[in-house]
Amino acid sequence: MLSKYFRSLIRSYLLNPYVIFWGVLFILFWEVMSIYVFTQNVEKAYMLYSIASFYGQLLIIGLGSVAVTLIQSMYIASFSIRYITKYSRLGPKQFMAENFLATIIFLLIYSAIIWVLLVGLACIRFGEWYLPKNVLGITLSTVIIAIFMYVFMMFMTYIIIFLRVPKFASFISFLPLMLSFVSYASWWIDFDELAYIVPFNLISNIIFYYYTDSKPFTGAIIENFIKMSMGQQPSYADPILSMLSLVIWIILLSAINYLLIKKSKGISYEELRIV
């Protein structure tokens with residue numbers, strides 16, 4: 001049975017003002033720009049591809065934005081677990097399981113909000129619903145993306161603790177957002193083989209594949225769209241290899257997190273405050 005901690009954590013995520021502003025309203029602004037400005041010269045035959053690209057790219061920026069708040073929340077939770085599990089019936093394993101489940105559910109809700117807003121705006125603008133072609137595929141891939149984000153944010157959190165650098169906590173919490181903007185550069189830059197290594201780029205590629213049932217590009221999205229419309233051969237990424245790479249990232253980060261958590265058990269809250 002889930003405890004009050006699970007419900008309060010989801011509620012705190014959803015009602016967090018930084019998540020609402022930077023995670024939803026900020027992304028909504030770019031969704032409006034995407035639908036009403038960036039699609040002006042896009043032919044109707046390629047509109048689904050544009051919507052899929054917008055969703056994938058804006059999702060990674062949105063996830064990077066909310067990750068700032070979630071990492072800070074995880075950082076605080078890493079200390080509170082010692083007191084909650086000591087003075088309540090909530091054990092360490094249940095605490096971590098509920099933290100994982102609550103965060104995953106929040107990330108899925110957040111992804112759905114970003115998608116509904118984008119598709120809703122497209123329907124208002126063009127009078128047509130641009131829905132994903134592979135609903136099951138994009139649902140499962142969103143779950144995998146949420147799991148990746150969790151282990152990645154956990155890695156960022158315990159790096160702060162393991163290195164005993166609380167004064168850099170704010171900077172480290174912004175790293176996912178910085179990396180998301182690096183991946184956003186794929187609109188103009190072709191990553192080639194790096195498309196299988198940069199994790200946030202993998203997210204946008206996987207979203208595009210399951211949304212359109214077409215292979216994603218290795219980068220230079222605008223240039224490759226022009227090539228495709230002119231009947232030329234774009235630079236495609238392998239979607240299966242992209243998914244495999246993201247799963248490998250999850251396994252690798254999970255293993256590192258396990259080691260970091262074990263090494264961080266002896267680090268006290270007072271010690272980090274002094275440092």
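Mentor: A residue counts as exposed when its relative accessible area is over 50%, and as buried when that area is under 20%. Keep in mind that we are looking at a predicted model.

Trainee: Happy to. Is Trp 188 buried or exposed?

Mentor: Trp 188 has a relative accessibility of 56%, so it counts as exposed.

Trainee: And how do I read a residue between the two cut-offs, such as Phe 126? Where does Phe 126 sit?

Mentor: Between those limits, a residue is called partly exposed. Phe 126 is such a case, because its relative accessible area is 26%. Look for Phe 126 in helix H4, which spans residues 92–126.

Trainee: Which residues is Phe 126 in contact with, leaving aside its neighbours within four places in sequence?

Mentor: Those partners are Ile 35, Thr 39 and Met 47. Ile 35 lies 91 residues away from Phe 126 along the chain, yet their C-alpha atoms are separated by 9.1 Å.

Trainee: Now the rings, please. How many aromatic pairs does a search of the whole structure find?

Mentor: The search finds 20 aromatic pairs. In one of them, Phe 126 and Tyr 130 have ring centres 6.3 Å apart and planes at 90 degrees, so this pair is edge-to-face. Tyr 130 is buried, with a relative accessible area of 7%. Tyr 184 and Trp 188 also make an edge-to-face pair, at 5.9 Å between centres and 70 degrees between planes. Here Tyr 184 is buried at 19% relative accessible area, while Trp 188 is exposed.

Trainee: Which residues form one aromatic cluster?

Mentor: Tyr 46, Tyr 49, Phe 208, Phe 217, Phe 225 and Tyr 236 do.

Note on methods. Residues numbered from 1 in each chain as written. Predicted model: local features only at pLDDT ≥ 70, side-chain atom pairs only at ≥ 80, totals over all residues. Heavy atoms only, no water. Helix = DSSP H or I, 4+ residues; strand = E, 2+ residues; numbered from the N terminus. Buried < 20%, exposed > 50% of the residue type's maximum accessible area, 1.4 Å probe, protein only. Contact = heavy atoms within 4.5 Å. Phe/Tyr/Trp six-rings, centres within 6.5 Å; stacked < 30°, edge-to-face > 60°.
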